[in-house]
Amino acid sequence: MPEMGRQVSRARALTPPAAELFGRQRELASARELFASTRLVTLTGPGGVGKTALSAALSAKLDRAFRDGVWFVELGAQRSSDTVAEAVVTQIGLSASASVDAEEQLRRHVADRSMLLILDNCEHVLPGCRRLVSALLAASAELRVLATSREPLGIRGERVVAVRPLEIPPNHRGLTADELCEYPAAAMLKARAKAVNDQFEITDRTAAEIAQLCTYLDGMPLAIELAAMRLRSLSVHELLTHIDDRFALLTSGDPTAAPHHRSLDALVRWSYDLCSSTEQLLWERMAVFSGSVDLPTIRAVCGLPPLQGTKLFDALDGLVSKSIVLTETTHGDMRYRFLETLREFGRAQAGAGEDYGRVRRAHTEYYRTWASRAAENFFGPRQLDMVQRWESDLTDLELAFDHLLHAAPGSHGALELAADLRFFWMNGHLREGRRWLERALANDMTVCAERGNALWAAGWIEALHGETHTARELLDEADTIARKIGDPRIAARAATWTGLAALITGDFEVSRSSLEMAYTAHLEHADAEGLLMTLFLLGFVRSISGDHVGATDAGREAVERSERLGDTWGRSYSLWMLGFDAWTRQDLDVAEEYAEQSLTLRWDYHDDFGSAVVLDLMAGIALDDGDPKKAAKMLGVVAELLAIVDTEVPGMLGSRYQAIKSAVQDRLGDDLFARHHDIGRRLDRGQRMRLALGSVAAVPSDPTDTVAAAGLLTPRETEVAALLAEGLSNRAIAGKLVLSPRTVEVHVEHILAKLSVKSRTEAGLWAAAALGKKA
């Protein structure tokens with residue numbers, strides 16, 4: 001028998017240096033730990049995600065852990081399960097035996113050896129891999145097997161590690177070049193691009209385009225490798241210009257790589273060819289979705305003949321098993337999604353055929369109908385679920401909206417959908433709502449109920465942006481349409497938001513008149529939404545006018561109606577109004593109680609504008625209660641929330657905000673006010689809530705204190721503190737930093753002692769403020 005090498009040369013060439021694992025340390029540590037408790041680990045994930053490179057990195061890390069070494073076997077070129085054993089024999093350097101079949105030869109070989117066998121690219125020869133691995137594990141108690149495959153081998157005791165795409169930077173906010181390169185996808189792109197073009201650099205000016213490119217590439221290592229090759233001759237901007245044609249563009253792969261790794265098209269085609277005909281059909285149909293979806297949605301849109309019943313479930317299970325479709329849990333529900341590259345391939349395969357056309361129409365109708373029902377039933381116990389579902393499905397809703405904009409005249413679907421999403425727009429998406437409604441209204445000028453509803457929804461949003469003149473024009477047109485088509489509900493809704501526009505401008509008489517008229521109409525038509533939205537505004541204008549009894553009556557009626565319905569979102573506004581009224585009467589304890597209830601109810605909705613209004617009130621309460629520093633921090637939070645939604649506290653409400661701000665500045669002086677205001681602006685979401693509910697000690701009191709404390713920690717302790725700020729456990733931190741849990745525990749003890757804090761939570765809050773991390 002010839003002397004065997006420790007590893008085949010291909011594996012050694014693929015092994016990335018430790019500094020170039022690009023965010024894979026967690027998977028690396030996870031797989032290493034698993035081998036202590038299991039004998040078979042399978043790395044799964046879509047093609048091009050980096051399973052081979054990660055397994056090669058593991059081979060280097062684990063080489064000394066096995067007495068007889070680590071052996072790497074590439075199976076990508078095999079075309080039959082019957083030849084798997086022969087391939088392993090050949091690649092680990094054994095001489096073929098004429099008298100013993102390959103599987104038996106391997107059983108005898110591993111029987112007395114402590115070794116790790118890596119089988120790369122098993123997905124297309126799974127039966128052969130399954131049979132061989134089962135036999136070898138039975139033959140040796142010291143053998144360990146690491147497999148890479150699009151789907152698990154399905155052997156008892158197998159532990160599966162899902163290899164995900166690299167984390168990509170957000171392209172919706174500006175990042176510096178240094179911040180950008182903290183994201184593994186961008187770091188890999190930079191390293192690979194510099195390898196082929198030593199002039200390549202990421203600068204603050206190009207950071208946004210790099211972030212966008214990483215998003216287009218899905219964080220997929222293979223796609224990043226291929227894109228980096230193009231950066232030899234194209235600028236990032238030029239590459240982005242042509243990236244939509246990614247299958248034609250990304251073809252310059254490593255000529256020594258396996259054929260299916262040489263280009264993006266070949267890789268995806270390889271995956272497609274491994275699927276059954278029903279799996280291929282579901283792949284093409286699911287390409288209609290833009291984001292992640294749940295099973296009922298897949299069934300409703302893609303469950304057309306012949307993919308009905310169990311055929312659909314079996315095909316979906318097959319795509320998940322092959323890592324074509326990725327699964328994720330969102331708000332407790334299982335959801336399914338494609339990487340954009342695989343989605344684009346599916347669309348190309350589907351083409352413009354009749355089947356895809358039917359699925360496309362089913363997609364549009366499904367989301368239009370779902371949004372309509374959600375809006376109609378919003379004021380009930382499932383409000384938060386609806387808002388979260390809107391958030392999860394936003395990209396598909398937008399796809400349906402774009403399709404409706406180009407639908408046949410007379411459908412009015414775009415107007416209907418844009419208006420039906422009004423409560424989603426109010427929960428942190430005012431800018432998107434404004435844009436959708438503007439497009440829908442410009443696209444369809446028909447005098448109809450759908451346009452009337454879109455007009456008053458648009459008027460509501462414009463009023464919240466302080467554009468009261470535009471709001472009144474839209475609301476007047478809505479009222480005109482309501483009278484022409486005889487729809488009193490539209491007229492009543494327009495009256496409600498006309499009352500808001502007048503309230504914002506300080507025209508309390510017109511506001512009260514409009515709101516009282518709207519209240520009567522909503523009551524007559526049993527319009528729960530209209531009543532709840534009108535009552536809190538009516539109570540507010542009554543309070544401003546000095547009618548505190550009337551304000552209390554309106555607020556309590558709104559709260560009672562809300563509680564009967566199971567509504568929390570509308571109730572939070574009514575509680576805010578009652579708190580405002582109590583504050584104006586200087587009943588500060590009652591005002592604070594109402595404000596805290598309001599903020600607690602709305603917090604899960606991520607309603608930044610509504611939260612800013614409540615926190616503004618709480619700043620006024622804190623000031624009058626003798627705590628101007630807390631008030632300044634509150635005002636800093638308000639300023640940050642308003643910046644997030646790209647608006648200001650409008651009109652009359654804004655003048656009260658400015659009055660509170662001026663009073664706090666007078667009490668503290670400009671320098672001290674600015675310092676505490678800046679602390680408030682830099683608080684993360686959890687810290688804002690703790691500040692509002694009275695946990696002042698949990699919030700840094702002065703940025704200079706945190707900066708000084710930062711110098712007490714060693715570089716490793718600083719790393720651990722930053723991960724505490726992310727809420728990670730000691731074990732999770734150990735996995736991320738490739739340390740033992742006991743070592744991390746010692747670091748945490750040192751951090752608590754040096755910062756003079758008592759808990760991990762306090763240390764995490766310190767790190768969030770001092771290191772700019774999110775707690």
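## Around Trp390

Leaving out residues up to four places away in sequence, Trp390 touches Trp370, Ala374, Ala375, Phe378, Leu397, Asp420, Leu421, Phe423 and Phe424; contact here means heavy atoms within 4.5 Å. This is a predicted model, where local features need pLDDT of at least 70 and side-chain atom pairs count only at pLDDT 80 or more, while totals for chains, interfaces and linings use all residues. Residues are numbered from 1 along each chain as its sequence is written, and side-chain values use heavy atoms, with hydrogens and water left out.

Buried means under 20% relative accessible area, exposed means over 50%, and partly exposed is in between (1.4 Å probe, protein chains only).

## The chain as a whole

The protein chain has 41 helices and 8 strands. Those are DSSP runs numbered from the N terminus: H or I with at least four residues for helices, E with at least two for strands. Of its 775 residues, 55% are buried. Take the contacts between residues at least 6 apart in sequence, and 70% of them join residues at least 24 apart.

## α28 against α29

Helix α28 (residues 528-544) packs on helix α29 (residues 548-565) at an angle of about 155 degrees, with the axes 8 Å apart. Axes are lines fitted to C-alpha atoms, for helices over the stretch in contact, and angles run from 0 to 180 degrees between N-to-C directions.

On the α28 side, the contact is made by Ala528, Leu531, Leu532, Leu535, Gly539, Arg542 and Ser543. From α29 come His548, Gly550, Ala551, Ala554, Glu557, Ala558, Arg561, Ser562 and Leu565. Sorted by class, that's 8 nonpolar, 5 polar and 3 charged residues. Nonpolar covers Ala, Val, Leu, Ile, Met, Phe, Trp, Tyr, Cys and Pro, charged covers Asp, Glu, Lys and Arg, and the others, Gly among them, are polar.

His412 lies in the loop between α20 (394-405) and α21 (413-420) and is buried at 13% relative accessibility. Ala526 is in the loop between α27 (508-524) and α28, and is exposed, with a relative accessible area of 64%.

Then there's a cis peptide bond from Pro305 to Pro306, with omega near 5 degrees. Pro306 is in the loop between α15 (295-302) and α16 (310-321).

## Two buried helix residues

Ser511 sits in helix α27 and is buried, at 0% relative accessible area. Setting aside neighbours within four places in sequence, Ser511 contacts Gly499, Ala502, Leu503 and Val541. Its C-alpha is 8.7 Å from that of Thr496, 15 residues apart along the chain.

Ala57, in helix α3 (residues 51-62), is buried too, with a relative accessible area of 4%. Ala57 and Leu28 are 29 residues apart in sequence, and 7.9 Å apart from C-alpha to C-alpha.
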